[in-house]
Amino acid sequence: MALIKIRTSEEPVLRQKSREITKITKKIKVLAQDMLDTMYQANGVGLAAPQVGISERIVVIDVGTGPIVLINPVITKAEGKNRDVEGCLSLPGRNEYVTRAEKVSVVALDLTGKQINLTGEGLLARAFQHEIDHLNGILFIDYLNPAKE
Ligand code: NI
């Protein structure tokens, strides 16, 4: 098991747009496992590669139903609204209400390079949106109304 240092919000890598992964190498597979280990160790439900300093489009998620690895994930459908408290391993101690879509469908590649289509509701939908945002340099605090801070 290898743990990777989780980057916090002031680090520029969290604000960059991550690169598409064009080949699923051994290195990517090791990264996915290390990200899962790091996420579980930190008691998180999701982690995106920029959070461990790597600007590539891969995220890991586990909302209690088992590990999910998504490579080059894209949201294909978003429905409804859900407002709930959200946190981020890169913003320790910070928890705020964020409105997200209630139900989201995602297309991505798995670690074998196969295309997968997943649909999630509630917490899983929130995790898809939050983690994919990380690949685009977006943090959940960006959705907060500055006037209310
Ligand atoms: Ni996060």
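**View 1. The largest pocket draws on a strand and a helix.** β4 (82-86) and α2 (123-135) each supply at least two residues of its lining. The model is predicted: local features need pLDDT of at least 70, side-chain atom pairs count only at pLDDT 80 or more, and totals for chains, interfaces and linings use all residues. Residues are numbered from 1 along each chain as its sequence is written, and side-chain values use heavy atoms, leaving out hydrogens and water. Helices (H or I, at least four residues) and strands (E, at least two) are DSSP runs, numbered from the N terminus. The largest pocket holds about 320 Å³ of space. Of its 16 lining residues, V45, E86, G87, C88 and H130 are the closest to its centre. A pocket is an open set of points on a 1 Å grid over the protein atoms alone, with protein on both sides within 12 Å along at least five of seven lines; lining residues have an atom within 4 Å of a point. Points are joined across faces, edges and corners, and a volume is the space filled by probe spheres set on them. Helix α2 gives the largest share of the lining, five residues.

View 2. A cavity is a set of grid points where a 1.4 Å probe fits but cannot get out. The structure has one of 30 Å³ or more. E86, R100, H130, D133, H134, I138, L139 and F140 line the largest cavity. Three of these residues, the largest share, come from α2.

View 3. Strands pair if DSSP finds at least two bridges between them. β2 (residues 58-61) and β3 (residues 68-79) run antiparallel, joined by four bridges. I58 has I71 as its bridge partner in β3. Six residues separate β2 and β3 in their hairpin, and G64 in the turn has a positive phi of about 105°. β3 also pairs with β6 (residues 103-109), antiparallel, over six bridges. There, I75 stands opposite V106.
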